[in-house]
Amino acid sequence: MSTEKTVSSQSPSAMNLKNTPYKIMVTGSTGFIGSRLISNLTKNGYLVKGMSRKKILSTSKVKYVQADVFNPQEIECALSGVDVAYYLLHSMEGNKEEWKEFANREKIQAQNFLKAATNAGVKRIIYLGGLVNDSLSLSPHMKSRKEVGEILASGNIPVTELRASLIIGAQGGSYAMLRYLVERLPVMVCPSWVKSLAQPIAVDDVIEYLRGCMEKPETSGNIYEIGGPDKITYEELMRVYAKYLGKKLFVIQIPFLTTRLSSYWVDLITPVKASLARPLIDSLVHDTVVTDDKISKIIPLSLKSVIESIDVATKEIRENPPPTPLKEERTGFIINQKLLMASLFAMAILGTTYYWLDDRSELFEPVWMIAGILWYVAIIFAIIFIKSKTRLGFLIGGLVSWITLAFWLFDNFYVLFDVSLIVDQPNELITIRNFIWTGLSAIAVFASHNTFHKVIDYQFKGKPI
């Protein structure tokens, strides 16, 4: 896996890069990989540039430059004086319309960057892509990652491409999916992709490879596959994490569950948006294992095992949780969450009065009994998922609340129109109860609306939920 542009003699040495400040550029400097790489490089004596779309204050070791990758002039200006550029950009997130065009956006980004780097006189590009099996039909996400590497390598600048398997690290999308799914669901309904093999690699090991490639001129112009020491399926990975937490995990496999449906499920259960979950899940459809570990001879590392990677990531996110919303906003979310749970619990208790206060025999017919059982099951599921702060819980809670509100209003329809819409007219006691409980279900509707749209922002990500 090499190109014709391996020009070791022209590659800037690590010593020269240390002696001449700001010769290294890290794109995506505030992202999951970029921020860690900058920290690693500065700890090892390098003064670097960090490129970001937003304005960031520079430090004594990092000069931040603001540039939009869709503006070639801004990128070229940012790359001025740079010898080695790390390409760590992607375009998977954003709104629905942006996500649909992510492959085209990534193609334009790569083309703009290559042109700007060429004009700025950049001597090397180091790119982090994804591990792909060239013999298989690739998912849109993995196909785009591969094409980005090909675009960058199509110019005259030597490119070192690292193709990584699943990366485990705090704030990483794949780790977030794993963490929230296992923590929140004792029973996992999964598609067939959970049987695909991967070689999960710790994010710190990825960072060491990225720095090592820069410091080893012989890596210039080559493609390397990187992964951890363990070959493991995603299902096994979830079980390992469940065991790490001291939990039992039951997995039910459903072959017809597509990646699109899986991404919506992840969106409802975890804070990972469907726009990011879907390409991540797409990349799990095929095995992502290392077939050529030649980089281990050039950059020998003591790679972390899966359990070591999980332990490091979990401890890090507990010790340094992401910034949380303002205290007043968090308090409002918690109040609405508890209010919804209490309202649903009260609805379940008060709903039993249909069976000991109501004198209508129709309510004991099979169809109404089945409907009542389903209603109680929905309330139980809603409370369980609401307690775990999942959008699915607030969605179910809202639907149950709306249905209950409509039922009690329809049951009292005869009061205004002298016509019964459901069964026979209720007695006076049930009529009064229906009006009182309509207010209760209205409170539940209000609370579910307030929480459903805010739950991702108000997640408590610093500890298992």
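**Helix packing and burial**

Modeller: H9 and H13 are oblique to each other. Keep in mind that this is a predicted model.

Colleague: How do you describe a packed pair of helices in general?

Modeller: Two packed helices are described by the angle between their axes and by the distance between those axes. Here, the axes of H9 (residues 234-245) and H13 (residues 306-319) cross at roughly 55° and come within 10 Å. The crossing of H9 past H13 is right-handed. On the H9 side the contact is made by Leu237, Val240, Tyr241, Tyr244 and Leu245, and on the H13 side by Val306, Ile307, Ile310, Asp311, Thr314, Lys315 and Arg318.

Colleague: How many nonpolar, polar and charged residues does the contact of H9 with H13 have?

Modeller: Eight nonpolar, one polar and three charged.

Colleague: Now Val194: where is it found?

Modeller: Val194 sits in the loop between strand S8 (187-190) and strand S9 (197-198).

Colleague: Is Val194 buried or exposed?

Modeller: Buried means under 20% relative accessible area. Val194 has 0%, so Val194 is buried. Leaving aside neighbours within four places in sequence, Val194 contacts Thr233, Tyr234, Glu235 and Met238. The C-alpha atoms of Val194 and Leu237 are separated by 9.2 Å, with the two residues 43 apart along the chain.

Colleague: And what about Asn112, buried or exposed?

Modeller: Asn112 lies in helix H5 (residues 102-120) and counts as buried, at 14% relative accessibility. Not counting residues up to four places away in sequence, Asn112 touches Val69, Phe70, Pro72 and Ile75.

Note on methods: Residues are numbered from 1 along each chain as its sequence is written. This is a predicted model: local features need pLDDT of at least 70, side-chain atom pairs count only at pLDDT 80 or more; totals for chains, interfaces and linings use all residues. Side-chain values use heavy atoms; hydrogens and water are left out. Axes are lines fitted to C-alpha atoms, for helices over the stretch in contact, and angles run from 0 to 180 degrees between N-to-C directions. Helices (H or I, at least four residues) and strands (E, at least two) are DSSP runs, numbered from the N terminus. Angles under 35 degrees count as roughly parallel, over 145 as roughly antiparallel, 65 to 115 as roughly perpendicular and the rest as oblique. A crossing is left-handed if the near helix is turned anticlockwise from the far one by less than a right angle, and right-handed if clockwise. Contact means heavy atoms within 4.5 Å. Ala, Val, Leu, Ile, Met, Phe, Trp, Tyr, Cys and Pro count as nonpolar, Asp, Glu, Lys and Arg as charged, and the others, Gly among them, as polar. Buried means under 20% relative accessible area, exposed over 50%, partly exposed in between (1.4 Å probe, protein chains only).
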